[in-house]
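This report is a guide to the structure shown below. It goes through the confidence scores, the strands, the nonpolar cores, the interface and the backbone details in turn.

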Amino acid sequence: MTIPISKRVENLAPSGIRAFFDLVLGMKDVISLGVGEPDFVTPRRIREKAIHSLEDGYTSYTSNKGMIELRREIVQFLENRYGLSYDPEEEVLITVGVSEGLDLVARAILNPGDKVLIPEPCYVSYGPVVEMAGGVPVFLKTTLESKFKVTPEQVEKACSSGVRALMINYPSNPTGASYSKKELQAIADVARRKNLLVISDEVYDELTYDFEHTPFATLKDMKSQVVYFNGFSKSYAMTGFRIGYAAGPREVIAAMTKIHQYTMLCASITGQIAAREALHSGLKAVAEMKREYNRRRRFIVDALNDIGLDCHMPEGAFYVFPSIKKTGQKSMDFAQGLLKQEKVALVPGTAFGSSCEGYVRISYASSYENLKEAVKRIKRYMKG
Amino acid sequence: MDEILEILSKDARVTPEEIAKLIGKSVDSVKKAIKKYEQDGVIVKYKTIVNHELITQEAPRVRALIEVKILPEKDVGFDHVAERIYGFPEVLSCSLVSGSYDLLVIVEGENIQTVANFVASKLSPMEGVRGTATHFLLKQYKEDGQVLKKANDKRKLNISI
């Protein structure tokens, strides 16, 4: 028999990107600039802590919201780092990566037809989590010319009836774009006037190069309408541990916890213990990784512009999002051609939204040697 | 450590032009800084780490760690004897250490015999040397922070969003 699939799932944008990914995975000796994770392994002390916890028999469930010790330490960390204060009992939830958190918040706040503003290009899951929760994503298109930043005017103009929230990610995957405090304040003013809940995914906060990162919740009078998301994947190179967290108004966290307890139950205890160690000892490693990324960022932006791919200097994360419009090719064709002819993998911009045709995402979380070789090959590909 | 030194310590072949791009400074200022490091002896030398085990066309060379006990001399302490020891071309490295002996000397030779001869005829009889203990090196796993085995990194996906 054919098993009918739910309309909601069937209607999710099919991922043309899947086929491309399969193609990459089937090939050998590829230089990959296509990864969405650090190329470092988790710092050794963090790994050791996880190993010891297993040896000591920490293999159980934790509280639904996550270990209270970890929540307390996160609260302490946010207080020290950003002067943000939350109640660890009621206002923090440990999630299986930020990805789970975004799904939870969408399901917790949206009624059918509610709209969520999402600056585009955006991380691949933003649209789908809103749709799966019955909401309607409204994409606000940004371009290279605006350095991929959404403007307060765009947000204001898009605030028709039924718009409930703004889902924003800075520094951004895939563009690396981030916002100064002043730029954020202008957006916050609109959000306050329009009563938008701000869903702020700040998982790349530690990788901000040109100015200090400003959490949305620290902006004047905003905390009560911001749900702050962060995690350990990117800053501490812990993607496989799958630990993120949400901090925000207690009613939202309570609603998210309800869904989390029925679906995920809790994040893995090993990951949570490793996350605690990251908070204790990881910042030095973060600083080292950041210095290294910053060098590669300068190199790659310069090199891409040199070979004729227009590329802006991103403020954070480890991605650049150059335009390939000059080549006259579509993103997917460019990516496939480059892969087949020169064995360099990158991600077609179209993975990150329909308005991202003509761009590709390049991750510079790869060794300097690899980056140099990849640029050489891209240049050759563009000539040929 | 200064960023220039950090980069060169990892890969001495990165050019001043590249370093300038990586750290966002002018090529001139990078060249000047490197020159100063060289003059001050902060940068001693640029060399290559070779995994001798993989060189098939020549007979493998032999290395030994030698513990050397010496008699300190008036005024110059251990320095004088150390200087005479590290002057031998066979000596790759020579360090004064704390503990039950004084100098840790690394020696390289064509085979066990040549290293043994060096110890017996040159090192041991030297004035001021009270005793030696020779440890032949069987296998080297890591040198200067560099793991010598070629990494076969299959841990990560080639591509991910």
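## Model and confidence

pLDDT is the predictor's confidence in each residue, on a scale from 0 to 100. Chain B averages a pLDDT of 90, and 96% of the residues of chain B score at least 70. For the model, ipTM is 0.73 and pTM is 0.87. Where pLDDT is low, the predicted coordinates should not be read in detail.

Residues are numbered from 1 along each chain as its sequence is written, while chains are lettered from A and ligands numbered from 1 in the order in which they are written. This is a predicted model, in which local features need pLDDT of at least 70, side-chain atom pairs count only at pLDDT 80 or more, and totals for chains, interfaces and linings use all residues; side-chain values use heavy atoms, with hydrogens and water left out.

## Strand β5 of chain A

Helices (H or I, at least four residues) and strands (E, at least two) are DSSP runs, numbered from the N terminus. A residue is buried under 20% relative accessible area, exposed over 50%, and partly exposed in between (1.4 Å probe, protein chains only). In chain A, strand β5 covers residues 163-169. Six of its seven residues are buried, so β5(A) is largely enclosed by the rest of the structure.

Two strands pair if DSSP finds at least two bridges between them. β5(A) runs parallel to strand β3 (residues 115-120) of chain A, and three bridges join them. The pairing with strand β6 (residues 197-201) of chain A is also parallel, over five bridges. Ala165(A) stands opposite Val116(A) of chain A, and its bridge partner in β6(A) is Leu197(A). Together with helix α8 (residues 181-193) of chain A, β5(A) and β6(A) make a right-handed β-α-β unit. Right-handed means that, with the strands pointing away from the viewer, the path from the first strand over the helix to the second runs clockwise.

## Nonpolar cores

A nonpolar core is a set of buried Ala, Val, Leu, Ile, Met, Phe, Trp, Tyr and Cys residues joined through side-chain atoms within 4.5 Å. The largest one has 96 residues. Those with the most contacts inside it include Met167(A), Ile300(A) and Ile19(B). Helix α11 (residues 283-306) of chain A gives the most to this core, with eight residues. Apart from it lies another core, of 51 residues, among them Phe77(A) and Tyr170(A).

Contact means heavy atoms within 4.5 Å. Leaving aside residues up to four places away in sequence, Ile300(A) touches Val320(A), Ile362(A), Tyr364(A), Leu371(A) and Val375(A).

## Where the chains meet

Between the chains, 36 residues of chain A are in contact with 18 residues of chain B. Buried area is the accessible area (1.4 Å probe) that two parts lose on being put together, summed over both. For chains A and B it is about 2,100 Å², of which carbon and sulfur atoms give 52%. On the side of chain A, Arg295(A), Arg298(A) and Tyr368(A) lose the most area to chain B, together 28% of what that side buries.

Helix α2 (residues 16-23) of chain B has as its buried residues Glu18(B), Ile19(B), Ala20(B), Leu22(B) and Ile23(B). Their cover includes α11 and α13 (368-383) of chain A, together with α1 (3-10) and α3 (27-40) of chain B.

## Strand β3 of chain B

Strand β3 of chain B spans residues 103-109. Five of its seven residues are buried, so β3(B) is largely enclosed by the rest of the structure. Strand β1 (residues 62-70) of chain B pairs with β3(B) in the antiparallel sense over seven bridges, with Leu65(B) as the bridge partner of Ile106(B).

Strand β2 (residues 91-96) of chain B is also antiparallel to β3(B), over five bridges, and Cys94(B) stands opposite Val105(B). β2(B) and β3(B) form a hairpin with six residues between them. In its turn, Gly99(B) has a positive phi of about 120°.

## Backbone details

Most residues other than glycine have a negative phi, and most peptide bonds are trans. A cis peptide bond joins Glu120(A) and Pro121(A), with omega about 5°; Pro121(A) lies in the loop between β3 and α6 (126-132) of chain A. The bond from Asn173(A) to Pro174(A) is cis as well, with omega near 25°, and Pro174(A) is in the loop between β5 and α8 of chain A.

Asp221(A) has a positive phi of about 60° although it is not a glycine. Asp221(A) sits in the loop between β6 and β7 (226-231) of chain A and is exposed, with a relative accessible area of 53%. Lys343(A) also has a positive phi, near 55°. At 30% relative accessibility, Lys343(A) counts as partly exposed.
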